[in-house]
Amino acid sequence: MEILKIEHLTKMYGKGETAVKALDDVSFSVNKGEFVAIIGPSGSGKSTLLHLLGGVDRPTSGKVFVDNTDIYELDETQLAIFRRRQIGLIYQFYNLIPVLTVEENITLPLLLDEHKVDQKQLTELVKILNLDQRLQHLPNQLSGGQQQRVSIGRALISNPAIMLADEPTGNLDSKNSSEIIDLLKMFNKTFKQTLLVITHDERIALQADRVIAIEDGRIAKDEVIRP
Ligand SMILES: Nc1ncnc2c1ncn2[C@@H]1O[C@H](COP(=O)(O)OP(=O)(O)OP(=O)(O)O)[C@@H](O)[C@H]1O
Ligand SMILES: [Mg+2]
């Protein structure tokens, strides 16, 4: 089943002489449960692509369907709600809210939606993330690996259609990197969570089911390594 479909996606930044074509007519689709690694040189358009898949920015042209919803047909309010419910985003620098506790950071997407927290789901999630002893801590009282696990929790609490990660291990040492990747893989394999990860780390890319290489805003290679 197709969970994500991108059609002729193009993104220009700026105008006139300083205009940059960051993405140039990119099309592909992803099936539910796939783990896709996105690789490519610096400046090739990887983050731009992820932002467009996540509804964070709007394309210059082209379409993005997430679970059959044409997301750029939504207005700003609808898109914000859709993003909160259906897209789990993870960044290199965690992007946690410093004045909120671990528990509040994780459940924030639900609270913004005025949805009740499923305590059983929360308990299970924080146990898997090994954060059950840290629920009342603030982000600055946590290690980098722990902070990234909180951001994984926040991304997963609303059971999103797709999970997008931009260099999730880029700020971590190799032990914490392996832990984060093992967790993401576990959610992918056990819960069939669709996962797209931008990485510069070849060891991570080799664990994916499929590797998409971006060069100069285009798909240079799209290889299934694990059918
Ligand atoms: N807000 C912006 N305004 C203007 N140009 C931008 C903007 N964001 C990105 N670009 C340009 O678009 C191109 C693609 O950038 P992008 O951030 O997607 O690359 P990337 O593949 O994620 O690189 P890296 O591996 O360094 O993170 C680059 O040439 C960049 O300079
Ligand atoms: Mg980037």
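**Helix packing and pockets**

Tutor: α3 and α4 are oblique to each other, helices here being DSSP runs of H or I with at least four residues and strands runs of E with at least two, numbered from the N terminus. The model is predicted, so local features need pLDDT of at least 70 and side-chain atom pairs count only at pLDDT 80 or more, while totals for chains, interfaces and linings use all residues. Residues are numbered from 1 along each chain as its sequence is written, and side-chain values use heavy atoms, with hydrogens and water left out.

Student: Why are α3 and α4 called oblique?

Tutor: Their axes, which are lines fitted to C-alpha atoms over the stretch in contact, with angles from 0 to 180 degrees between N-to-C directions, come within 12 Å and cross at roughly 120°. Angles under 35 degrees count as roughly parallel, over 145 as roughly antiparallel, 65 to 115 as roughly perpendicular and the rest as oblique, and therefore α3 and α4 are oblique.

Student: Which residues of α3 and α4 meet?

Tutor: Glu103, Ile106 and Thr107 in α3 meet Leu122, Leu125 and Val126 in α4, where contact means heavy atoms within 4.5 Å.

Student: How do you know what counts as a pocket, and what volume does the largest pocket have?

Tutor: On a 1 Å grid over the protein atoms alone, a pocket is an open set of points where a 1.4 Å probe fits, with protein on both sides within 12 Å along at least five of seven lines, and lining residues have an atom within 4 Å of a point. The largest pocket has a volume of about 370 Å³, a volume being the space filled by probe spheres set on the points. Of its 14 lining residues, the closest to the centre are Arg84, Ile87, Leu89, Pro109 and Arg154. Helices α2, α3 and α5 and strand β6 each supply at least two residues of this lining.

Student: Which helix gives the largest share of the lining of the second largest pocket?

Tutor: The second largest pocket has a volume of about 290 Å³, and the largest share of its lining, four residues, comes from α4.

Terms used. Chains lettered and ligands numbered in written order.
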